[in-house]
Amino acid sequence: NWALRIGLDFQMPFEATQFDLSYEWYFSKDSLFALAGYYKNVANYVGYATRAETIDGHPYTLTSPVNASKGGHIAGTELTFQTPFYFIPGGEHFGVYSNWAYVASDLREMSANLPMNGLAKNTATLDLWYSNHGIDARLGTKYHSTYTAIYGWDDTALVRVRPETTMDFSIGYTINKHVQVRFQAYNMLNTPLKTYEDNQIDRLGRWDYYGRSYLADVTFRY
């Protein structure tokens, strides 16, 4: 005896009514100041949830994407500033790129009542660069505040990721129009991945060190 059963779960797609406004000021060559804000009214939010179902008289526990019973909002603002240091004698070949974003939302995950997966309240980037005489170099730092993450498909695996600051470096040299060499260093601060469970900071989830990594390559163009 055998039976074939095909189960399909249907979800309504994400929908959002949104508004955004931005201001950009290009105050010099390759220089920018930008300010942007947005508001999204989100419906049919999709998240993972575990539920009990009875199939052919047998109880099962199923985990799958489902629509939340209600929607919510996502609102935020973003600030960008970039410029070469043209106002310093000889500094036009040096510069900075910076970005900061703030996000607020009342959307919650359905199982653990945690904030929406993937949304950090604050993220920031700061890059210092140099470009001249065939050399392109960049030192970049990134930061994010606490956010919710899921590792796998099980909604019980929802965790909170602690704030992180990472730093990377790259430098390349164009020997001629055909050959370029480059060196890159990742995770220079050896920043670990730190998580906690049950929305309690003393409930350790993961504390993983991935170490620093380095890459050197040569590019040939014809």
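Me: Starting with the strands: how many bridges join β11 to β12, and in which sense do they run?
Reply: Six bridges join β11 to strand β12, residues 179-186, and the two run antiparallel. Bear in mind that this is a predicted model.

Me: What do β11 and β12 form?
Reply: A hairpin, with four residues between the two strands.

Me: Which residue in β12 stands opposite phenylalanine 169?
Reply: Alanine 185.

Me: And where does β8 come in, which strand does it pair with?
Reply: Strand β8, residues 135-144, pairs with β11, residues 164-174. That pairing is antiparallel and covers 10 bridges. Within it, threonine 141 stands opposite methionine 167 in β11.

Me: How do side chains point in a regular strand?
Reply: They alternate between the two faces of the sheet.

Me: Different topic. What is the order of strands in the open sheet?
Reply: The order is β9-β10-β13-β14, four strands with antiparallel pairing. The edge strands are β9 (147-150) and β14 (204-208), each of which pairs on one side only. From one strand to the next, the twist averages 35°.

Me: How many bridges join β13 to β14?
Reply: Three, and the strands run antiparallel; β13 covers residues 193-196. Leucine 193 stands opposite aspartate 208 in β14.

Me: Now the loops. Where is asparagine 190, and what is its phi?
Reply: Asparagine 190 is in the loop between β12 and β13. Its phi is near 55°, which is a positive value in a residue other than glycine.

Me: What about asparagine 199, where is that one?
Reply: Asparagine 199 lies in the loop between β13 and β14. It has a positive phi of about 55°, although it is not a glycine.

Me: Why is asparagine 199 called partly exposed?
Reply: Because its relative accessible area is 41%, and partly exposed covers what lies between the buried limit, under 20%, and the exposed limit, over 50%.

Me: Moving to the inside. Which residues make up the largest nonpolar core?
Reply: Seven residues: Val42, Tyr45, Ala68, Ile74, Val103, Leu107 and Met116.

Me: Take valine 42. What is it in contact with, leaving aside neighbours within four places in sequence?
Reply: Valine 42 is in contact with Phe14, Glu15, Ala16, Gly71, Gly72, Ile74 and Leu107.

How values were computed. Residues numbered from 1 in each chain as written. Predicted model: local features only at pLDDT ≥ 70, side-chain atom pairs only at ≥ 80, totals over all residues. Heavy atoms only, no water. Core = buried A, V, L, I, M, F, W, Y, C linked by side-chain atoms within 4.5 Å. Buried < 20%, exposed > 50% of the residue type's maximum accessible area, 1.4 Å probe, protein only. Contact = heavy atoms within 4.5 Å. Pairing = 2+ DSSP bridges. Axes fitted to C-alpha atoms, helices over the stretch in contact; angles between N-to-C directions.
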